Amino acid sequence: MAKAQRVRGLDPDRRLRFNARRIIAARLDEVYAYDGVVADPANVRELHDMRIACKRLRYTLEIFAIAFEADLEPAVDEVKALQDVLGDIHDCDVQVPMLQEHLAWLEAREGAAARELVTAAAAADAGSLDEDAYARFAGSLAASNRDAERPGVHALIARRGRERDELYAHFLSEWGRLKRERFRARLEEALGGH
Amino acid sequence: MARAWPVPGLRPRARFRDAAGRVIATRWRETMSYRDGTLAGKDIEYLHAMRVSSRRLRAAMDAFEAAFPRQEFRAYLRQVKEITDTLGDARDLDVAMERLAALLPEMADDERPGLEGMIARYRALRALEDPHIAALFERLDAEEFGPRLESFLAEHTGVVTAELNPQPA
């Protein structure tokens, strides 16, 4: 995860606004540093890092809003919307590997159950098993099968993949809009930095 | 339940140092106000509210770091991060179970057992989280983390948390 940059030139004995302008400017820089990198949907880590940068900017705006005459709430809402869509993309990026891990877990559970049954049968001298005992063994083996659970997991993997594509298209559209609407310049004007 | 508490005495023309003490002390008390409900474990919304508040606390500490000696402050920040992360592990499972349960009606008959199996697995994992949370708070108490944090805030910002006495809106 990208660490927040240390902000230089702060003076805790000066007013809140003096310091808040510098901190917000640094956090704004961090968000815009991902412009271009996030144009590739495969840059999973960078998209996640941009979400963290948005979160830091949003919280910073919320915390320091009291120091400014301008209403920063619209800017907070814009950043939050971007953070949310990036968060939803991240959820998909995290969930697909989790679902794949769950499939592997199901297989491991089946393997462990089968080994347990075979070991128990061997201990009971499997060579002398009669038809009833074999039927019980086969029934227990079938009961440990987790095949019924697989279609739902595969369906979820496919669903998350589709959602990810849609969310990414929405993110690109929103990020493009913020840039066209001069979000950064408008926020800097509201902070009175120029 | 999870609304941010108002910060007593915070003024637009405040000094950065004074604002640091007021905001962090308020967010600390706000976070800990959900502690008993979280430990009781009967309503998952307490844990959710505590996690949200602890994230606000952490964000406030990040924002006001310049008001404190760096090394000592970082130790407090790490501890707060541990609170957020520990609560987050449990919360993530609560959310995962809620989302899977909400999806069940939309899924085909042959797809539901997979989701139900995952919910059962997450429920078992979630039961393991409560002892971690209880152990964390026991350690924080044993190390007197809260009183130490409040003394640290008073020393470097002049804000005495008990006098500030933050309360919900």
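Modeller: Helices (H or I, at least four residues) and strands (E, at least two) are DSSP runs, numbered from the N terminus. By that numbering, A:Arg182 is found in the loop between H5 and helix H6 (183-191) of chain A. This is a predicted model, in which local features need pLDDT of at least 70 and side-chain atom pairs count only at pLDDT 80 or more, while totals for chains, interfaces and linings use all residues. Residues are numbered from 1 along each chain as its sequence is written, and chains are lettered from A and ligands numbered from 1 in the order in which they are written.

Biologist: Why does A:Arg182 count as exposed?

Modeller: A residue is buried if 20 or more other C-beta atoms, placed from the backbone, lie within 10 Å of its own, exposed if 12 or fewer, and partly exposed in between. A:Arg182 has 11 C-beta neighbours inside 10 Å and therefore counts as exposed. Its phi is positive, about 55°, although A:Arg182 is not a glycine.

Biologist: What is the phi of B:Glu144, and is B:Glu144 buried or exposed?

Modeller: Phi of B:Glu144 is near 50°, a positive value in a residue other than glycine. B:Glu144 has 11 other C-beta atoms within 10 Å, so it is exposed. This residue is found in the loop between helix H6 (129-142) and helix H7 (145-157) of chain B.

Biologist: Why is A:Phe18 called partly exposed, and what makes A:Ala75 buried?

Modeller: A:Phe18, which is found in helix H1 of chain A, has 15 other C-beta atoms within 10 Å and is therefore partly exposed. A:Ala75, in helix H3 (residues 73-123) of chain A, has 22 such atoms within 10 Å, so it is buried.

Biologist: Which residues is A:Ala75 in contact with, leaving aside its neighbours within four places in sequence?

Modeller: Two residues are in contact if their C-beta atoms, placed from the backbone, lie within 7 Å. On that basis, A:Ala75 is in contact with A:Leu61, A:Leu187 and A:Ala190, its neighbours within four places in sequence being left aside. From C-alpha to C-alpha, A:Ala75 and A:Leu61 are 8.2 Å apart in space and 14 residues apart in sequence. A:Ala190 can also be placed relative to A:Phe18: their C-alpha atoms are separated by 14 Å, and they are 172 residues apart along the chain.

Biologist: How many residues does each chain give to the contact between chain A and chain B?

Modeller: The contact takes 23 residues from chain A and 25 residues from chain B. On the side of chain A that touches chain B, the elements giving two or more residues are helix H1 (16-32), helix H2 (44-64) and helix H5 (150-180) of chain A. H5(A) gives the most to that side, with five residues. The residues of that side divide into 13 nonpolar, four polar and six charged; Ala, Val, Leu, Ile, Met, Phe, Trp, Tyr, Cys and Pro count as nonpolar, Asp, Glu, Lys and Arg as charged, and the others, Gly among them, as polar.

Biologist: What makes H1(B) roughly antiparallel to H3(B)?

Modeller: The axes of helix H1 (residues 16-32) and helix H3 (residues 44-63) of chain B come within 8 Å and cross at roughly 160°. Angles over 145 degrees count as roughly antiparallel, and that makes H1(B) roughly antiparallel to H3(B). Among the residues making the contact are B:Val23, B:Ile24 and B:Trp28 of H1(B) and B:Met50, B:Leu57 and B:Ala60 of H3(B). By class, this contact has seven nonpolar, three polar and three charged residues.

Biologist: Why are H4(B) and H6(B) described in the terms "roughly antiparallel"?

Modeller: The axes of helix H4 (residues 70-103) of chain B and H6(B) come within 10 Å and cross at roughly 160°. H4(B) and H6(B) are therefore roughly antiparallel to each other. Their contact involves residues including B:Ile83, B:Leu87 and B:Leu93 of H4(B) and B:Ile133 and B:Leu136 of H6(B). The classes here are six nonpolar, two polar and three charged residues.

Biologist: Which residues have the most contacts inside the largest nonpolar core?

Modeller: They are A:Cys54, A:Leu86, B:Val23, B:Ile24, B:Ala60 and B:Phe64, in a core of 62 residues. B:Phe64 touches B:Ala20, B:Val23 and B:Ile24, not counting residues up to four places away in sequence.

Methods
Axes are lines fitted to C-alpha atoms, for helices over the stretch in contact, and angles run from 0 to 180 degrees between N-to-C directions. Angles under 35 degrees count as roughly parallel, over 145 as roughly antiparallel, 65 to 115 as roughly perpendicular and the rest as oblique. A nonpolar core is a set of buried Ala, Val, Leu, Ile, Met, Phe, Trp, Tyr and Cys residues joined through C-beta atoms within 7 Å.
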